[in-house]
Amino acid sequence: MHLKKVLIDNKSLIGLLLLMCAVSLFSPNFLTVDNLLNILRQTSINAIIALGMTYVILTAGIDLSVGSVLAFSSAICATLIANDSSMIVAVFATLAVGGLLGAANGVVISFFGVQPFIATLVGMTIVRGATLVYTGGRPISTGDFDVAESFYTLGGGYLFGIPIPIIIALVVFVIGWIILNKARLGRYVYAIGGSEQVTRIAGINVNTVKMTVYVLSGVMAALAGIILTARLESAQPTAGAGYELDAIAAVVLGGTSLMGGRGTLVGTLIGALIIGVLNNALNLMDVSSYYQQIAKGAVILLAVVVDSRVKHTS
Amino acid sequence: MTTLLQLDGISKSFSGINVLDKVNLEMQAGSVIGLAGENGAGKSTLMKIITGVYSKDEGRLRLRGEEKVFNTPRQAMDAGIAIIHQELNLLPELSVAENIFLGREPKGFLGLINQLIMHEKTVQLMQRLNQKISPDQTVGSLSIAQQQMVEIARALSFDADVIIMDEPTDALSERESEILFQVVDDLKSQGKALAYISHRLQEIFKLCNEVAVLRDGSMVHSGATQDIDEDELIRHMVGRTLSEKYPYTAAVPGDTRLRVENIHAPGVNDFSFSARAGEVIGFSGLAGSGRTEFARALYGMTCVSQGVVEIDGTAVSIHTPGDAVSAGVGYVTEDRKGEGLIQDHGLRSNMTLSALSLFQTKYGLIDRRREIDAVHKYIEVFSIKTQSSEMPVAQLSGGNQQKVSIAKTLIPGPRIVILDEPTRGVDVGAKREIYLLIQQLKEQGLCILLMSSDLPEILGISDRIMVVARGHVIAEFTREEADQEKIMHAAIAREEKCI
C-alpha cells in the first residue's frame, strides 16, 4: 500500500529513470559525463520557459506566446549587444521587454476577461509578426565588439566545468520553488487554479496575481531568449517556434493538472528532462529528424495516458 | 400495498471501513418513506447502490420481486429507478425537452431528432406535474424549483416507479417547496414508491407516511411516521439526547459596532439598521428578499451605490472582498462549494487563505510552523473530524466543511461576521455545534449577522430579528417580541403590498 503510493507519487521520476536505462542499453555513448551535461544544457532553455508555464498553468491558464516572446526578446538583445551596450543593460532591458509582453497578455486576460488560450494565441501571432517586421526576416548577429565575446559565455561558457545555462536554470528554479512553496504569491497561484471565485471572495486580488504570473512567464521566455542568443551569437527571427508545446509538455509530464491548482516545479523539471533525454536519445540513435517528431509525440502521449490511468485506479 | 423495491442485508465498505452494514429497506407503491440520518450515516451510499452508481458488497436488491444487479446508473434508470439529486444534473444551455430526452431523443426521418414528438411528450409530462413550463425554454432561464420539476419530468419519462429525492428543498424558497410537496403527493397517489431524504425533519413529518433512520451505516429505526415524534427521531439519528435544540445565552451587548444607513446596491434598496458588539442579529425574509444581496454588498462583492457604512464609528468604503477583510468584516457564504472552499485543496490552505499575511516572516515567506499551529487550534476547538490538516475538504462531511469555512473567516480576526445559511446541508449534531459556536463568538464580543431561511433557527439564536423584503428592512423585533407568525406576517404583507 505504502510502496504503491510512493511509486505513484514519483511516477514522473520513475519514467525518467526507466527512459534513461532503456537509452543506455541502446547507446553506449549516452551515460557519459559529456553527454549528460550536454542534455542538461539543451534542457535548460525549455526548463526555464516551462517554469513560467508552470505558474501560468497552475492558475488554470496557458501561455502560447512564449516562443514568440523569446524570438522578439532575442532580437532586442542581439541589437543591444551589436551596438556595444553593456551586458547588464542588455540583459535587463531584454528581461523588461519580455515582462512587458507578458503584462500585455495579463491585461487582456485579467481586465478584459479574454480566455488565456485565445489571448496568448493572439499574442503569439502579433509578437511573431513584430519580430519579423523588426528583423526584416533576417538574423541579427551580436556583432564584433568585445561585449559580444563576454556575452557568448552566457550561452556557451562554463563555470567550474558546468555549462552556464545549467547554472542559470538551477538558480531560477530554486527561486521559483521558494516563491511557489513559501511565499504568499505561490499560495494564491494554487488557490486561483483551485477556484478563482473562492479566491476572489477570500479577499485576494485575483487580477494582480494573474498579471504577475503572465509577466513572470514573459520574463522567463526572455531569459531563455538571452541564453539562446548568446549561444548562437545571433538572433533568429523564427527562433522559439513550437517551444510553447515543449514547455507545456514538460509541465504536463511533470504531473501538473491543466485544470490548475495541482502540480509542482520539481515535476516540471523532471518533465523537461524527459523531453531532453528523448531528444538526445533519438539523435544518438540516428533517427531522422522527421521521425523524431513522431517518436516524441508518441512518448508524450504514452506518458499522459499512463498518468490518467494511474489517476483513475488510485 | 405492493412492495416495489426490497433491499435485503445490503453491506458496503470502502477501503476496509464499513459504510453500510446489513441494511434492509422496503419501498411500497403509493408510499413515501423518509430517510433520515446525520451526514456520513450512509444515506447517500445506500442511494448510490440502489441507483447503480456503486456496487454492493453483500445483500440482495429486488425490484418487483425480481432480483437485480445494476452495474451502471443507466441500467437502474431503464429498470424504473430514478433519483433527483441535491445538485441538479441538467445542461443549462439546452431546452427543457432536450434535457428530458437527452441521449434517447425520438428519431424520425433520416435518423434526425423528431422535434414534434419530443415537444408533445414534454407537454404531457408537464401536465402530469401541473407545471406551466414550455418545452422550448432553455433550462438555464428557469428557477431552481422549475429545474427540479424538469428533473422529475425526466424521471417520469423513464416510466420510473421508484423515485428517490435527495435534499430536494435545500435550494428552494418556502413557496417553491410547497409546489414540490404537492407534486410528491400527486406522485404518491399515482402509485409511485418514493424515498425522501432531508435534514428538515418537519418535511419528513409532513410528507412521509413511513420513516427510516440510518446511523453509522446501520438501519436503527423504521416504521410509520405517526408512531414517532421529532424528539424521538432525533434521538435515533444521533444516538443520544440533544439537550436544548437552540442554545442561547443572553449577552451584554457593547457599543454600536456597525451602522448601516440607507444603503443602495443591486437588489438592496434603502437598507438601514445598526448592530452592537456581542449581538446576534437574525435576518429573515423570503427568497429574493434582498437578504443575501445585502450581505454581498456589505462584503464588497457588489457595488454600494449610495449610503453610509460605519464600523466602530468610522465610515468605511468597501469595494472589494479584500477591503471588507481589512475593515474587519468576514463572510461565510451560503455556497460552500462554489464560493467558500477550494474542494480539492487541504484544510490548511483553505483555512488560512484570507490571512496569509498574518503568518509572514520578515523575509516575506510564510512561517509554516505558525500556520499549522493556528490550523490545529481551530481543528481542535471546533472539533473538526479530519485525518490531517492536509486532507482535501471535499472528503469532509457538510458540517465539518462548514466549520472549516467559519474558521477561514475567523482567522483574519474580523469584528463583524456575516453567516449566510450557516446550517444548510448540515446534520443535526453539527447544527448544534455551530449554534454553540455562534454563542461563543457573541460572548467574545463579535457582531454576528445571521442570514437564514430557517425561521425556528433565527428565533432560536438571535438577539434581535430584522425582517427583510424588497431589499429593505421592513420590521424589527426583539427576541422577546418575535414569533414565527409575526415574522411571516410582516414579510408576506409587505410582499403583497408591493405586487
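In this predicted model, B:Asn262 counts as partly exposed because its relative accessibility is 34%, a value that lies between the 20% and 50% cut-offs. The residue belongs to strand E11 of chain B, which covers residues 256-265.

Turning to the domains, chain B is assigned two stretches, domain 1 (3-238) and domain 2 (256-498). Their centres, taken over C-alpha atoms, lie 32 Å apart. Where the two domains of chain B touch, domain 1 supplies 12 residues and domain 2 supplies 17 residues.

What area do domain 1 and domain 2 of chain B bury between them? The value is about 1,100 Å², with 51% of it on carbon and sulfur atoms. No salt bridges are counted between these two domains of chain B, and zero residue pairs in polar contact are found across their interface, with both residues required to be at pLDDT 80 or more. On the domain 1 side, helix H6 (174-189) and helix H8 (230-238) of chain B are the elements that give two or more residues. H8(B) provides the largest share of that side, three residues. By type, the domain 1 side consists of three nonpolar, four polar and five charged residues.

Technical notes:
Residues numbered from 1 in each chain as written. Chains lettered and ligands numbered in written order. Predicted model: local features only at pLDDT ≥ 70, side-chain atom pairs only at ≥ 80, totals over all residues. Heavy atoms only, no water. Helix = DSSP H or I, 4+ residues; strand = E, 2+ residues; numbered from the N terminus. Buried < 20%, exposed > 50% of the residue type's maximum accessible area, 1.4 Å probe, protein only. Domains from an automatic or database assignment. Contact = heavy atoms within 4.5 Å. Buried area = accessible area lost by both parts, 1.4 Å probe. Salt bridge = Lys/Arg side-chain N within 4 Å of Asp/Glu carboxyl O. Polar contact = N/O pair within 3.5 Å; in protein donor to acceptor, adjacent residues only side chain to side chain. Nonpolar A, V, L, I, M, F, W, Y, C, P; charged D, E, K, R; others polar.
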